[in-house]
Amino acid sequence: MAFSQPLDSRYLSLVSNEFFPPPSPSRVGQSGHQVLTFHSLRQGMTSITMKYCRPWDEGDCATFSFTIVQIT
């Protein structure tokens with residue numbers, strides 16, 4: 001998974017992007033978990049837009065959009 005639009009640096013910064021493979025034995029194409037951790041920089045609302053595709057195939061990727069709301 002990768003960002004299809006840059007993060008709005010007024011609101012968020014990426015702290016970490018980690019991939020956790022499935023338990024052994026792992027196989028090519030097997031699922032895993034990707035965990036992205038963000039630091040909020042100010043109150044407000046912004047979007048995170050990501051795309052999901054195979055690393056070698058930039059063609060037909062799925063796009064996801066997340067809206068983050070921080071209330072203080």
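This note walks through a predicted model of one protein chain, point by point.

1. Ground rules. Since the model is predicted, local features need pLDDT of at least 70 and side-chain atom pairs count only at pLDDT 80 or more, while totals for chains, interfaces and linings use all residues. Residues are numbered from 1 along each chain as its sequence is written, and side-chain values use heavy atoms, with hydrogens and water left out.

2. Confidence. The predictor's confidence in each residue is given as pLDDT, from 0 to 100. The protein chain has a mean pLDDT of 79. In this chain, 78% of the residues reach 70 or more. Among the elements, β2 has the highest mean pLDDT, at 91. Strand β5 (residues 62-70) has the lowest, at 65. Read β5 with that value in view.

3. Overall build. The protein chain has five strands and zero helices. Its pattern along the sequence is β-β-β-β-β. Both element types are DSSP runs, numbered from the N terminus: helices are H or I with at least four residues, strands are E with at least two.

4. The accessible surface of the protein chain is about 5800 Å². Carbon and sulfur atoms account for 55% of that surface. The areas come from the Shrake-Rupley method with a 1.4 Å probe; for residues, only the protein chains shown count as cover. Of the 72 residues, 12% count as buried. Buried means under 20% relative accessible area, exposed means over 50%, and partly exposed lies in between (1.4 Å probe, protein chains only).

5. Contacts along the chain. A contact means heavy atoms within 4.5 Å. Take the contacts between residues at least 6 apart in sequence: 49% of them join residues at least 24 apart.

6. The aromatic pair. How many aromatic pairs does a search of the whole structure find? It finds one. The rule covers rings of Phe, Tyr and Trp (its six-membered ring) with centres within 6.5 Å; planes under 30 degrees apart count as stacked, over 60 as edge-to-face and the rest as tilted. F3 counts as partly exposed because its relative accessibility is 27%. F38 is also partly exposed, with a relative accessible area of 28%.

7. Charges. The structure holds one salt bridge. D8 forms a salt bridge with R10, and their closest N and O atoms are 2.6 Å apart. The criterion is a side-chain nitrogen of Lys or Arg within 4 Å of a carboxyl oxygen of Asp or Glu. D8 is partly exposed, at 22% relative accessibility. Elsewhere, R42 lies over the face of Y11, 5.3 Å from the ring centre. Here a charge sits over a ring if NZ of Lys or CZ of Arg is within 6 Å of the ring centre and within 35 degrees of the ring normal.

8. M45 is in strand β4 (residues 44-52). Is M45 buried or exposed? M45 counts as exposed because its relative accessibility is 54%. M45 and D8 are 37 residues apart in sequence, and their C-alpha atoms are 10.0 Å apart. S40 is in strand β3. S40 is partly exposed, at 36% relative accessible area.

9. A loop glycine. Where is G32 found? G32 is in the loop between β2 (12-20) and β3 (33-40). G32 counts as partly exposed, at 30% relative accessibility. Leaving aside residues up to four places away in sequence, G32 touches F19, F20, P21 and P22. The C-alpha atoms of G32 and F19 are separated by 7.0 Å, and the two are 13 residues apart along the chain.
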